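Morning, everyone. I'll take the pockets and then the core. Please have a look at the model before I start.

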Amino acid sequence: MPVLQCSFPQVVRQVKGARAYRAKIPKEMELLVQVHRQGKREGFATCPIDISVEGMLLVDPSGKYTTIQEEEKIRMELYWPKGRSLKVSARVIHVSQLRDKEGIQYCCGIQFDLATRSLAREIELLVAGVQRRRLRELSDISDEFGVDFVNW
């Protein structure tokens, strides 16, 4: 029986400032985020643009006038296909403008506060699922139009 044996690296380095890979969320993937804000601020529901194991990018549905501020702490509930959901606390890292068809839209970068390893594992599973769906989407585009994304 063929066996593949891998050894662990002898030296491990931690790279400061390294960013996690952000997977773009395909449009047909029904991932919904319900945001609950602290105080008397009104929460909202939105669809994220991309996600990584450290955070995600959300679009503020309030349009041109956002009340989200940097360093604001929020609670989020993530709903994804097959009826699964996940509650996670986070904080807003940045608020920036994004141009769309109607004009200016605000988006905010969110960093997860992962308190337990099981919560981090759930986020990793979600990100892996998004990456698989995105790669499948790119493969379908490649097959349909004859684009070779390997040499892109």
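How does the lining of the largest pocket divide by class? Nine residues are nonpolar, one is polar and seven are charged. Keep in mind that this is a predicted model.

Stay with that pocket. Its volume is about 430 Å³. The lining has 17 residues, and Ile25, Lys27, Cys47, Pro48 and Ile49 are the closest to the pocket centre. Strand S4, residues 48–51, supplies at least two lining residues, and so do S7 and H1. S7 has the largest share, three residues.

Now the second largest pocket. Here the volume is about 300 Å³. H1 gives the most to this lining, with six residues. The lining includes Leu125, Leu126, Gly129, Arg132, Arg133 and Arg136. Met29, Trp80, Pro81, Lys82 and Arg84 line this pocket too. By class, that is five nonpolar, one polar and five charged.

On to the core. The largest nonpolar core has 27 residues. Those with the most contacts inside it are Ile51, Met56, Leu58, Met76, Leu78, Ile110 and Phe112. Two or more residues come from each of strands S2 (32–37), S5 (55–59), S6 (73–80), S7 (84–100) and S8 (103–113), and from helix H1 (117–145). H1 gives the most, with five residues.

What is Ile51 in contact with, leaving aside its neighbours within four places in sequence? The list is Tyr21, Arg22, Ala23, Ile25, Met56, Phe112, Leu126, Val127 and Val130.

Terms used. Residues numbered from 1 in each chain as written. Predicted model: local features only at pLDDT ≥ 70, side-chain atom pairs only at ≥ 80, totals over all residues. Heavy atoms only, no water. Core = buried A, V, L, I, M, F, W, Y, C linked by side-chain atoms within 4.5 Å. Buried < 20%, exposed > 50% of the residue type's maximum accessible area, 1.4 Å probe, protein only. Helix = DSSP H or I, 4+ residues; strand = E, 2+ residues; numbered from the N terminus. Contact = heavy atoms within 4.5 Å. 1 Å grid on protein atoms, 1.4 Å probe; cavity = no way out; pocket = protein on both sides within 12 Å on 5 of 7 lines; lining within 4 Å. Points joined across faces, edges and corners; volume = space filled by probe spheres on them. Nonpolar A, V, L, I, M, F, W, Y, C, P; charged D, E, K, R; others polar.
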